[in-house]
Amino acid sequence: MILSIKNLSVNYGLIPAIRNLSMDVAPGEIVALIGANGAGKTTILRAISGLIKPAAGNVIFDGQDIAHVKPHLIVRSGMSHVPERRGIFANLTVYENLLMGAYTRKLLTGDLEEVYSLFPRLAERKKQVAGTLSGGEQQMLAISRALLSRPKLILLDEPSLGLAPQITKSIFETIQRINKSGTTVLLVEQNAQAALKVSHRGYVLEVGEITHSDSSQALLTNDAVRKAYLGEH
Amino acid sequence: MLQAFLQNIINGMAQGSVYALVALGYTMVYGVLQFINFAHSDIFMLGAFGGFFLAKWLSPFISNPLILLMAVVIGSMAFCVAVGLTIERIAYRPLRTAPRLNVLITAIGVSLFLENFGQIIFGADPQVFPSLISTHSLLEGEGLVLNNIQLTVVVVSVLLMLILHWIVRHTKLGIAMRAVSFDIEVANLMGIPTDTIILFTFTIGSSLAGAASILYGLSYPKIEPLLGMMIGLKAFVAAVFGGIGSIMGAAVGGIVLGLAESFTVYYVSSTFRDAIAFGILILILLFRPAGLFGTFRREKV
């Protein structure tokens, strides 16, 4: 396993948000974590990348327990987190955003060419202030920026948020391409349908606990999941 | 008429560039940590005293006034950096996740501590700041005076601001500083060591205060432990006027405030000298609370 979460509990103040949760991600996989608004999906990602400290449990990444490691050091060990709402530095240019994505390394021309071939739109706009990009372009920038630290594992929080269906589709295709080139993906989504279609396996989260865990194919045909998350009655 | 106008511009620029250098420290720390570092004015005061003692010790050994001035400026900058970093490390960093108000109150506490500490160590009586370079006029006639000290003040300030601009725009550290000031959490997710960037910000802000304190001492050679209070308040007004958090704003705000004071003293009355700064503060808060170059950050929902 590249990522192994064992008995994780996270509290907000006195209120437990995540209770005794365990999940795994194997190298090369796309794993989807789906669930309703407020189920705790974002909280799990934040605990993995070190933005919040868990109350109990372990987060084993690449053989090391990182549950209490500072977030900027976790990035150095090969994990990248694209936060909810993309977290673009709106005051910096597209190029400067990419430069920050490669903060832990040296940004090479080859890196930029790779990003620009993945998202040609970013090449056209490299000198533009990132705050002026459209939602889809910002998501492209956020993903590219996260790839520049050369992660083994990338955490994506709601990449489809606020995007038109057509753009969502192309973002998900890109996620698959990134995965095929060797990066493991943990994907958090409210758009369960889209997430399960691109992922290998899925976890369903309900108020801080995992209720279903199966291959994405099986989850797509599971009656309970279909009723709750795929809009069927 | 014209001479008087030009003279006021010269005086105002010299005064304003000192405000600008101090204002930059306020605005940069606000940019990354969203609180007003009230101790900044006392770092300025300590810089002046640091320069005072350094000049005393060094003057027997260095006869060239320009080299002595440079040594004192650099020494004072280094001293202020040491003070600034110590304050951030022991007073502010433990409060990183605390509410902003707690940090603000701590900053006021640190400021009061330094002022009273200064009075114990240096005594409350004003000291005469040594004239590192002898004053002589560069330009005289038609009632216009430009002396070498005014020129030094403006040139050094502008030079420092250009260096700062270059750092912030074109170096990786500077871009990281802007990233941290926009969103410290996401900066963490990029692998940026945010505590280091914050220390770097304090380094720049404090060193500018150190340089400003020597430039101030050259122009107004009387220093005392409460020296920072008025300069600090004025520089703070300049930072708010320009838009707190905006580097360009602090630079412009400082110069504008210096000019406004100079013109008020000449055309209205010298008793209004201090009132003008606070008048500007009230007006800007009423009509453009974000400041000249500031923007309110809208939360997207």
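Select A:A32 and A:G202 in this predicted model: A:A32 stands opposite A:G202, which belongs to β9(A). The strands that meet here are β3(A) and β9(A), and they pair in the parallel sense over five bridges. Colour β9(A) by burial next; five of its six residues are buried, and the strand is mostly covered.

**Along β9(A) to the hairpin**

Continue from β9(A) to β10(A), its antiparallel partner over six bridges. Select A:E206 and then A:E209 in β10(A), which is its bridge partner. What lies between the two strands of this hairpin? Two residues separate β9(A) from β10(A), and A:V207 in the turn has a positive phi of about 30°.

**The whole sheet**

Now display β6, β7, β8, β3, β9 and β10 of chain A together. They form an open sheet of six strands, in the order β6-β7-β8-β3-β9-β10, and the pairing is mixed. Which strands stand at the edges? They are β6 (79-82) and β10 (209-215) of chain A; each has a single partner strand, so one side of each is left without a neighbour in the sheet. From one strand to the next, the twist averages 15°.

**The strand β8(A)**

Select A:I30 to find its bridge partner A:V185 in β8(A), then A:L33, which stands opposite A:V188 in β8(A).

Are the residues of β8(A) buried or exposed? Six of its six residues are buried, and the strand is mostly covered. In a regular strand, side chains alternate between the two faces of the sheet.

On the β7(A) side, five bridges join β7(A) to β8(A), and the two strands run parallel. One place to look is A:L153, whose bridge partner in β8(A) is A:T184.

**Helices on the sheet**

Select helix α7, residues 165-180 of chain A. This helix lies across β3, β7 and β8 of chain A and runs at about 155° to β8(A). Together, β7(A), α7(A) and β8(A) make a right-handed β-α-β unit.

Helix α1 is the next selection, at residues 41-48 of chain A. Which strands does α1(A) touch as it packs on the sheet? The helix touches β3, β6, β7 (153-157), β8 and β9 (201-206) of chain A, and its direction makes about 150° with that of β7(A).

**Stepping back to the chain**

Finally, show all of chain A, which has 10 helices and 10 strands. Its C-alpha trace spans about 45 × 40 × 30 Å along the principal axes. A compact globule of 233 residues would have a radius of gyration near 17 Å, and chain A agrees with this because its own value is 17 Å. Of the 233 residues, 45% count as buried. Among the contacts between residues at least 6 apart in sequence, 65% join residues at least 24 apart.

Technical notes: Residues are numbered from 1 along each chain as its sequence is written. Chains are lettered from A and ligands numbered from 1 in the order in which they are written. This is a predicted model: local features need pLDDT of at least 70, side-chain atom pairs count only at pLDDT 80 or more; totals for chains, interfaces and linings use all residues. Two strands pair if DSSP finds at least two bridges between them. Helices (H or I, at least four residues) and strands (E, at least two) are DSSP runs, numbered from the N terminus. Axes are lines fitted to C-alpha atoms, for helices over the stretch in contact, and angles run from 0 to 180 degrees between N-to-C directions. Two residues are in contact if their C-beta atoms, placed from the backbone, lie within 7 Å. The radius of gyration is taken over C-alpha atoms; the globule rule is 2.2 Å times the number of residues to the power 0.38. A residue is buried if 20 or more other C-beta atoms lie within 10 Å of its own, exposed if 12 or fewer, and partly exposed in between; C-beta atoms are placed from the backbone. A crossover is right-handed if, with the strands pointing away from the viewer, the path from the first strand over the helix to the second runs clockwise.
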